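Student: I have a structure open and I'd like to learn how to read it. Can we go through it together?
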Amino acid sequence: MKLETLRELNAERAARRPVIIVTDTSNGEQRLVKAKDIPSDPLRAEIATQLRMGKSANVEVGGKKLFLNVYAPTAKLVIIGAVHISQALAPIARALDYDVTVVDPRTAFASPERFPDVPLIAEWPDVALPPLNVDHYTAFVAVTHDPKIDDPALLHAFERDCFYVGALGSRKTHAKRADRLRALGAKEVDIARIHAPIGLPIGAVSPSEIAVAIMAEITAQLRLPPKEKEQAA
Amino acid sequence: MLNRDEDILQAAETWQKQGHGVALATVVETWGSAPRPAGSSLVINDDGTFLGSVSGGCVEGAVVTEALDVIANGHPKMLEFGVADETAWNVGLSCGGTIRVFVEKVG
């Protein structure tokens with residue numbers, strides 16, 4: 001790999017833009033494809049497929065065997081609510097290589113003593129979220145149980161097309177939340193995307209177990225093909 | 001914290017800037033039960049220092065040895081590791097899979 005290619009690759013990844021390296025493994029010839037150039041690339045169909053799956057793979061084109069190395073941005077996890085579940089969830093997510101941020105305007109909850117080593121923003125969602133660059137490669141979890149905090153945060157997650165949106169609450173609580181979000185102008189398709197009750201049904205009881213259930217659900221959403229995803233949900 | 005791919009590639013760039021010879025080894029194909037998916041990478045410098053992984057630790061030693069050759073002569077190389085593939089590389093994957101690893105020089 002040319003040093004220039006490596007530099008560009010690192011720069012694109014630092015900016016959280018997907019990037020693909022195409023290598024002819026018979027001779028080492030290589031080129032880098034930036035996200036913005038995919039639509040005009042001769043391999044656009046193959047690249048789009050692999051990028052959607054987040055999987056690197058070999059393709060054969062015109063008798064050449066090419067390796068498409070797909071670099072999707074590192075997944076982020078934004079947690080709304082500096083609650084007990086979040087204290088367990090943040091370290092689990094970090095162990096899984098997520099960039100984690102916790103947001104809660106209630107300073108009694110959002111204290112560094114309760115969240116050592118985790119970026120913590122003690123602000124309301126309308127102030128805290130815009131600078132976080134929430135994007136498609138972000139999992140978004142709302143666990144304050146307080147509509148004043150969770151609802152506007154969820155609206156932001158819808159706007160940014162997060163790959164996972166989950167919210168704490170029973171079916172009954174969630175039905176009320178859906179009504180409130182509708183009244184705030186949320187689309188049905190977005191409301192339907194909320195995972196609630198949050199987490200895979202593994203009988204979780206303690207905050208740590210609920211954190212495992214949430215992280216397992218996020219992993220399934222990130223990795224499973226669409227059909228199997230429906231079965232897991 | 002485990003080394004993430006972006007940290008690994010950042011390290012490769014830093015090593016190169018410091019004047020090291022650097023190689024990048026990437027899993028390009030897997031069959032059967034392979035420990036790391038295609039796209040997983042290992043970076044190696046001319047001290048023999050490496051970051052990342054291409055398997056569960058079974059073949060990294062052999063990849064590093066080959067990578068030092070690639071750093072020295074500049075020619076990319078394709079390595080293949082399979083179940084107890086002793087004739088080829090004297091190392092195998094105990095998990096029962098087969099992987100192909102592309103090793104190239106950086107710079």
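Student: Let's begin with one helix: which residues of α8(A) are buried?

Tutor: A residue is buried if 20 or more other C-beta atoms lie within 10 Å of its own, exposed if 12 or fewer, and partly exposed in between, with C-beta atoms placed from the backbone. In α8(A) the buried ones are A:Ile210, A:Ala211, A:Ala213, A:Ile214, A:Met215, A:Glu217 and A:Ile218.

Student: What do the buried residues of α8(A) pack against?

Tutor: They pack against α3 (84-95), β8 (138-142), β9 (164-167) and β10 (194-195) of chain A. Packing here rests on contact, meaning that the C-beta atoms of two residues, placed from the backbone, lie within 7 Å.

Student: Before we go on, what kind of model is this, and how are things numbered?

Tutor: This is a predicted model, where local features need pLDDT of at least 70, side-chain atom pairs count only at pLDDT 80 or more, and totals for chains, interfaces and linings use all residues. Residues are numbered from 1 along each chain as its sequence is written, while chains are lettered from A and ligands numbered from 1 in the order in which they are written.

Student: What confidence does the predictor give to the complex and to chain B?

Tutor: pLDDT is the predictor's confidence in each residue, from 0 to 100. Chain B has a mean pLDDT of 85, with 84% of its residues at 70 or more. For the complex, the predictor gives an ipTM of 0.81 and a pTM of 0.76. As a rule, where pLDDT is low, the predicted coordinates should not be read in detail.

Student: How do I check the length of a helix?

Tutor: The expected span is 1.5 Å times one less than the number of residues. Helix α8 (residues 207-223) of chain A has 17 residues and reaches 24 Å from its first C-alpha to its last, close to the 24 Å expected. Just after α6(A), A:Gly185 takes a positive phi of about 100 degrees.

Student: Now zoom out: how is chain A divided into domains?

Tutor: Domain bounds come from an automatic or database domain assignment. For chain A that gives domain 1 (3-71) and domain 2 (76-232), and their centres, taken over C-alpha atoms, are 32 Å apart. Chain A has nine helices and 10 strands, and 36% of its 233 residues are buried.

Student: Which residues have the most contacts inside the largest nonpolar core?

Tutor: A nonpolar core is a set of buried Ala, Val, Leu, Ile, Met, Phe, Trp, Tyr and Cys residues joined through C-beta atoms within 7 Å. The largest has 90 residues, and A:Ile79, B:Ala23 and B:Ala25 have the most contacts inside it. Both domain 1 (3-71) and domain 2 (76-232) of chain A give residues to this core, so it lies between them.

Student: What does A:Ile79 touch?

Tutor: Leaving aside neighbours within four places in sequence, its contacts include A:Leu89, A:Val100 and A:Val141. A:Val100 sits in strand β6 (residues 99-103) of chain A and counts as buried because it has 23 C-beta neighbours inside 10 Å.

Student: What order do the elements of chain B follow?

Tutor: From the N terminus they run α-β-β-β-α-β-β, which gives two helices and five strands. Of the 107 residues of chain B, 42% are buried. One to look at is B:Asn45, in strand β2 of chain B. B:Asn45 is buried, with 23 other C-beta atoms within 10 Å.

Student: How many residues are in contact between the two chains?

Tutor: 19 residues of chain B are in contact with 18 residues of chain A. On the chain B side, α1 (5-17), β1 (22-31) and β5 (98-106) each supply at least two residues. The largest share, six residues, comes from α1(B).

Note on methods:
Helix = DSSP H or I, 4+ residues; strand = E, 2+ residues; numbered from the N terminus.
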